[in-house]
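Please keep the sequence and the structure in view while reading.

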Amino acid sequence: MWLIPLKQFQSTGAPLIFNYFQNAPMMSGAMNKEMISMIDFQDRLKSLGHFVTEFTNTQDLQFKFRGQLERVLAKF
């Protein structure tokens, strides 16, 4: 079902999709199915050629998002 948009993205580079994941400390005992699923999802994104951006706090997220937005807008 999502293969048509994937092929469009691969051929045109659009739409731009930005992925952000919070890089937070965690205890090894906290590893659960959701964490494993998230890691698998990040690996899948990387295999498709998407960039996975990690952030540590709100200010870091805003800084990274602003930088990526400025790069995109500079192309227009």
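## Val 72 and Phe 18

Apart from residues up to four places away in sequence, Val 72 touches Leu 16 and Phe 18, where contact means heavy atoms within 4.5 Å. This is a predicted model, in which local features need pLDDT of at least 70 and side-chain atom pairs count only at pLDDT 80 or more, whereas totals for chains, interfaces and linings use all residues. Residues are numbered from 1 along each chain as its sequence is written, and side-chain values use heavy atoms, with hydrogens and water left out.

Val 72 is placed in helix H3, helices (H or I, at least four residues) and strands (E, at least two) being DSSP runs numbered from the N terminus. Val 72 counts as buried because its relative accessibility is 17%; buried means under 20% relative accessible area, exposed over 50%, and partly exposed in between, with a 1.4 Å probe and protein chains only. Between Val 72 and Leu 16, which are 56 residues apart in sequence, the C-alpha to C-alpha distance is 9.0 Å.

Phe 18 belongs to the loop between H1 and E1 and, at 37% relative accessibility, counts as partly exposed. When neighbours within four places in sequence are set aside, Phe 18 is in contact with Gln 68 as well as Val 72.

## The paired strands

Strand E1 (residues 19-22) and E2 run parallel and are joined by 4 bridges, and two strands pair if DSSP finds at least two bridges between them. Phe 21 has Glu 54 as its bridge partner in E2, while the partner of Gln 22 in E2 is Phe 55.

In E2, Thr 53 and Phe 55 make up the covered face, and Val 52 and Glu 54 the uncovered one. Thr 53, located in strand E2 (residues 52-55), is buried because its relative accessible area is 13%. Beyond residues up to four places away in sequence, Thr 53 touches Asn 19, Tyr 20 and Phe 21, together with Lys 64 and Gln 68.

Lys 64 forms a salt bridge with Asp 60, their closest N and O atoms being 3.4 Å apart; the term requires a side-chain nitrogen of Lys or Arg within 4 Å of a carboxyl oxygen of Asp or Glu. By this rule the count comes to 1 salt bridge. Both residues, Lys 64 and Asp 60, lie in helix H3 and are 4 residues apart, about one turn of the helix. Lys 64 is partly exposed, at 28% relative accessibility, whereas Asp 60 is buried, with a relative accessible area of 17%.

## Surface

Met 26, Met 31, Ile 36 and Ile 39 make a nonpolar surface patch of about 340 Å². Patches consist of residues with over 30% relative accessible area and no salt bridge, like charges being joined within 9 Å and nonpolar side chains (Val, Leu, Ile, Met, Phe, Trp, Tyr) within 5 Å. Ile 36 is placed in helix H2 (residues 33-47) and is partly exposed, at 45% relative accessibility.

The protein chain as a whole exposes about 6400 Å², of which carbon and sulfur atoms supply 63%, with accessible areas taken from the Shrake-Rupley method with a 1.4 Å probe and, for residues, only the protein chains shown counting as cover.

## Overall fold and confidence

The protein chain contains 3 helices and 2 strands, which follow the pattern α-β-α-β-α when read along the sequence. Of its 76 residues, 17% count as buried. Among contacts between residues at least 6 apart in sequence, 63% join residues at least 24 apart.

The mean pLDDT of the protein chain is 82, and 89% of its residues reach 70 or more; pLDDT is the predictor's confidence in each residue, from 0 to 100. Confidence is lowest in helix H1 (residues 3-12), at a mean of 70, and highest in helix H3 (residues 58-74), at 93. Where pLDDT is low, the predicted coordinates should not be read in detail.
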